[in-house]
Amino acid sequence: MHLKSVKGRIGISIRDIWEAKKRISSLVYKTPLIQSAVLSEKMGRRVFLKLENVHEIGAFKVRGAANKILSLSSEERGRGIATYSTGNHGMAVAYVAKKLGVKAVVCLSNRVPKAKIDSLKRLGAKIDIYGDSQDAAGERCYELERMEGLTVIQPFDDPYVIAGQGTIGLELLEELPNLTDVIVPLSGGGLLSGIGLAVKSNDKGIRVSGVCMEKSAVMHESLKAGQPVLLEESETLADSLLGGIGLDNRYTFRMVQEYMDNAYLIPEEEIAYSMAFIIDKHRMIMEGAAATGIAAILGGKIPRQEGDVAVIISGHNVDLSVIHRVIQDYAICNDGWG
């Protein structure tokens with residue numbers, strides 16, 4: 001990679017994102033960008049949904065996983081790979097590994113929903129369930145690296161993973177020359193770091209907003225503290241945003257500091273409402289993490305300024321029981337704040 005030094009820091013260049021775009025082109029296709037008439041009307045400006053939920057695995061994570069795994073040597077691929085995940089990154093690694101014929105182990109915590117575990121099993125990955133948090137699953141993953149020589153595919157804090165996610169930003173720039181705001185679900189920061197680098201390399205004036213659930217918002221609390229912190233995980237509809245950022249975080253903490261303009265925490269009831277809202281208005285299923293961006297708009301958090309808004313719809317991997325519940329709640333309170 002073309003690592004650059006910025007004020008004594010090691011980072012990633014826009015060239016790396018362009019190289020990622022070329023590298024993953026055989027496995028990852030450009031996703032649709034659609035205008036939401038109802039959200040545009042509410043905002044008084046054009047609002048577009050970037051549909052990362054249409055990937056075969058139902059989530060954006062395939063971009064970063066493909067870029068990292070395709071960058072490995074034949075020897076590394078031959079030994080096999082391992083990863084830890086709240087679900088979507090694990091599915092991305094399993095999917096790419098299956099396509100390339102690489103052995104993969106996915107370490108999960110007990111909190112990962114059954115729907116995601118079932119999907120991983122269908123993709124042929126070996127599942128290793130360990131502990132009650134992504135951090136605990138990560139410890140198990142690195143133990144497998146030491147014991148079996150597997151290469152760990154990190155979920156976010158890796159230059160190749162960040163560059164892969166950044167290809168979303170390139171696609172936004174290609175289609176939206178009047179882009180002024182990007183709303184990005186925020187967890188470990190790989191998605192926001194990559195998109196932030198891509199769009200701000202083109203126009204520093206483009207605002208990047210990170211959205212997260214109120215509970216266990218580790219990156220948000222780490223930024224407030226000025227360094228990575230640990231938080232206990234809590235139950236949330238946005239389970240894909242759970243997990244620590246790593247006390248030894250090398251890339252995403254600093255990149256989020258540099259590229260994020262605004263951060264918004266979303267209450268659980270607003271996440272639920274937004275999931276049901278999109279089902280009602282767009283006939284589209286999205287997971288709680290993806291709904292945080294919709295909630296930011298419905299809740300009036302994004303300023304009513306000029307230019308186009310892009311909301312990253314990060315995935316759709318959610319249990320049907322959760323969908324049933326949020327639809328019922330929406331039917332009861334459809335005159336709510338949205």
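Trainee: How many cavities of 30 Å³ or more does the structure hold?

Mentor: Here is the general idea: rolling a probe the size of a water molecule over the atoms shows where empty space is left. On a 1 Å grid over the protein atoms alone, a cavity is a set of points where a 1.4 Å probe fits but cannot get out. This structure holds three cavities of 30 Å³ or more. Please keep in mind that the model is predicted: local features need pLDDT of at least 70 and side-chain atom pairs count only at pLDDT 80 or more, while totals for chains, interfaces and linings use all residues. Residues are numbered from 1 along each chain as its sequence is written, and side-chain values use heavy atoms, leaving out hydrogens and water.

Trainee: Which residues lie nearest the centre of the largest cavity?

Mentor: They are Phe60, Lys61, Ser187, Ser240 and Leu241, out of 24 lining residues; lining means having an atom within 4 Å of a point. The space in this cavity is about 240 Å³, where a volume is the space filled by probe spheres set on the points, joined across faces, edges and corners. Its lining divides into 10 nonpolar, 12 polar and two charged residues. For that count, Ala, Val, Leu, Ile, Met, Phe, Trp, Tyr, Cys and Pro are nonpolar, Asp, Glu, Lys and Arg are charged, and the others, Gly among them, are polar.

Trainee: What about the largest pocket, and which helix gives the largest share of its lining?

Mentor: A pocket is an open set with protein on both sides within 12 Å along at least five of seven lines. The largest pocket has about 400 Å³ of space. Among its 19 lining residues, Tyr84, Tyr142, Gln154, Gly246 and Asp248 lie nearest the centre. Helix H7 (residues 134–148) gives the largest share, five residues; helices (H or I, at least four residues) and strands (E, at least two) are DSSP runs, numbered from the N terminus.

Trainee: Which residues of helix H6 are buried?

Mentor: Buried means under 20% relative accessible area, exposed over 50%, and partly exposed in between (1.4 Å probe, protein chains only). In H6 (residues 114–122), Lys116, Ile117, Ser119 and Leu120 are buried. They lie on the same side of H6 because they cover an arc of only 160° around the axis, taken from the directions from the helix axis to the C-beta atoms. On the other side, Lys114, Lys121 and Arg122 are exposed.

Trainee: And what comes just after H6?

Mentor: Gly124, which takes a positive phi of about 90°.
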